[in-house]
Amino acid sequence: MEDEDGYFGERVAATYDGTSGVFGPGTVEATAGVLAELAGGGRAMELAIGTGRIALPLTRRGVEVHGIELSRAMVARLRAKPGGEDIPVAIGDMATTTMDGTFSLVYLVFNTIMNLTSQDAQVACFRNAARHLEPGGCFVIECRVPELRRLPPGQNVLPWHVSEENWVAYSYDPATQAMHGHYVEFSGGQGEYHTMPFRYVWPSELDLMAQLAGMRLRDRWDGWGRQPFTSESSQHVSVWEKPGPLGLGHNGLMDADVVVIGAGALGLSTALHCALAGRSVVVVDRHTAGSQASGRAAGLFKSVQADKLRTRLARRSITRALSFADWAGVPLPVACPGSFLIARTPQHREYLGQELAQSRRWGADVREAPRTELSYYRPAGDEYVLWCPEDVYIEEPASLIQACLAACRRHGAAVAENEPVIGIPVTAGRAAGVETERRSIAAPVVVDAAGGWVRQVAGLAGARVPVAPVRHQLLITEPASSIDPAAAIARVVDAAVYLRPARGGLMVGGFEPGPLPVDPEQQPASFSTDDVPLNLGVLRKLAGQVAAEAPAADSTPVAEHRGGLFTMSPDGRFVVGPVPDLPGLWVASGCNGSGFSSSLAIGEALAAWISSDTPPPGMTALAPDRFGPLTDDTLVSRGLWQYAHYYDPAAGTPQRPLRVGWPSGSVRGDAALTRDQG
Ligand SMILES: Cc1cc2nc3c(=O)[nH]c(=O)nc-3n(C[C@H](O)[C@H](O)[C@H](O)COP(=O)(O)OP(=O)(O)OC[C@H]3O[C@@H](n4cnc5c(N)ncnc54)[C@H](O)[C@@H]3O)c2cc1C
């Protein structure tokens, strides 16, 4: 080490500003913009404040900034800048030095966590950050993802920069996570060597450090533009949160305005819209958010629907997905290639003709397509094809869940994962909250958005919700050069098959003519979506029906095969609104295969209904009391009919139950569930 100022003594401080691209105004302003938003009007503390690269622009945005800094030489540079004198700075190690008061934001940018060269010191830094945060405040770190993937086997040095002025390289010790920067500066033909020690650290390791300090991850982005963090990201901006007033850091009793059971697409969207309406909201899920049906979805949004209300909700959801960042404050990647609806039989041609006329009447942009041009679909030439330019998809369903989660937290909703709801207390004839394995949450509004378990959850309060869970599956092929990743979605209605590009391959999903009902209520308590029996043979048959036009669907090796439960209702429409006979209990379910794509509009409408106690226009048509008493047999047989007629629900209505009750061959009782890959 050079002097009492550590590695950032006078020599470094004198030339520090401007030595890297991060001093560019674009980067500085993007960083300050995000931090100002996270400070939310409160005070901020910068660990390793340095020469004020970020602190000064943040101050100019009206945030009161304090700082901790080891190097007096760096602070002298800060003091010399306009406004620099006014920033309170404590000299000392950022892992241990304290300041008075609490802050709504503590941040540490530009890889500086790696300047703490032991794991203990890095953990201490998280604890120090948490100590200074007020409840609900957040700690932000900007750091590289360790570049170990770039090291050739057997090599531990990575060249970084070579020019006439200087050379930079980094060496790595994977055993200790020690890393050294090696810098050679050239002047007058002479080179001078310096080195600096670091400890590289993985994002997941930082999450554990946050957990040790009582914080949890709220957001992780690939940069200050809030780009999604992916397996290819070389950097991350991570935001951890200290539990807030509705924080989940304690067990026992809590109060909220609204408690939502289920952190799938429908539950999270409802929670987010309730939080945006100013309600205090807690979401509870027995697994992790999005881990059940929502995380398995194909991610398809479809503007052509069987009736006016569903068309409105579907199109509203597309608009809300495309503008998610504007109203929820979190980016959401959406692919907008449009879709083709394809009919190859006279009966389906006629059916699509009707859909064209009615969808147009209901405002959707749908047109007759002259000829389907798709890299993965070669038309025979005699099809009838509709072009739906409004249709979109979300490549990975988890990105909608993560965006909703981040937005929920941003707007103050707390989300408790791995915490099953085991009771819904009823007081004076009203649902009064939930009991989980860890706490009691009192709330005048309880929303049952438990997906395939929605009936079971309503049953905890003695209420009934009319939905029948039914299996649905899809596959994604291995990547193939013949598939254009930008190609449109294709839905072949006579085969009940949908296709879209996915991960360089093709996604193939479809509606089996003999659907499999699955009743989680009759399964062991541990039953989850992972236990839904999959059957590749069903998908192979469906793919076989389009093999002539889409050979890749049938012939390319399968990279992923996944499935889960649809919640089918007797009339194929959502089940949304107040549960009959139990004030205070609401439901968001009856997805009928469109719950993922309609979730943003359904959550918006349900939150408005809850807030005003008045149903938004048209929504009573979805209320669960519309069915009256139904036997399980009728519920299941009608649900199965709706499933089998997903693409042509107007082609007829069930005159009599196609099957009775939970038929033989369905998954009920203690039947062993196995993954049938046949
Ligand atoms: C393979 C597949 C493809 C699909 N493709 C599409 C598509 O392209 N477009 C589309 O719109 N829809 C699609 N769907 C349907 C879509 O996934 C669902 O409509 C949607 O995800 C339903 O969301 P949800 O929130 O109701 O359910 P879920 O995502 O299942 O969420 C319910 C949550 O409730 C929790 N829960 C259950 N019991 C309890 C309890 N006791 N306590 C606390 N929490 C509990 C569960 O853990 C779960 O996380 C697809 C579904 C599948 C299976």
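Modeller: Let me begin with a definition: the radius of gyration is taken over C-alpha atoms, and the globule rule is 2.2 Å times the number of residues to the power 0.38. Please keep in mind that this is a predicted model.

Biologist: OK, so why does the chain's radius of gyration agree with a compact globule?

Modeller: A compact globule with 678 residues would have a radius of gyration near 26 Å, and the chain has 28 Å, so the two agree. Along its principal axes, the C-alpha trace spans about 90 × 65 × 50 Å.

Biologist: And how much of the chain is buried?

Modeller: Of its 678 residues, 49% count as buried. If you take the contacts between residues at least 6 apart in sequence, 71% of them join residues at least 24 apart.

Biologist: What's it built from, in helices and strands?

Modeller: The chain has 17 helices and 31 strands. It is also divided into domains, among them domain 1 (10-146 + 202-241) and domain 3 (251-331 + 417-467 + 569-628), and the C-alpha centres of these two lie 37 Å apart.

Biologist: Switching to the ligand, which residues come nearest?

Modeller: There are 43 residues around the ligand, and those that come nearest are G262, G264, G451, C591 and G595.

Biologist: Which element gives the largest share of that shell?

Modeller: That is β29, with four residues, while α7 (265-276) and α16 (595-612) are among the elements that each supply at least two.

Biologist: And how do the shell residues divide by type?

Modeller: The shell around the ligand holds 19 nonpolar residues, 20 polar ones and four that are charged.

Note on methods
Residues are numbered from 1 along each chain as its sequence is written. This is a predicted model: local features need pLDDT of at least 70, side-chain atom pairs count only at pLDDT 80 or more; totals for chains, interfaces and linings use all residues. A residue is near a molecule or strand if its C-beta atom, placed from the backbone, lies within 6 Å of it. Ala, Val, Leu, Ile, Met, Phe, Trp, Tyr, Cys and Pro count as nonpolar, Asp, Glu, Lys and Arg as charged, and the others, Gly among them, as polar. A residue is buried if 20 or more other C-beta atoms lie within 10 Å of its own, exposed if 12 or fewer, and partly exposed in between; C-beta atoms are placed from the backbone. Two residues are in contact if their C-beta atoms, placed from the backbone, lie within 7 Å. Domain bounds come from an automatic or database domain assignment.
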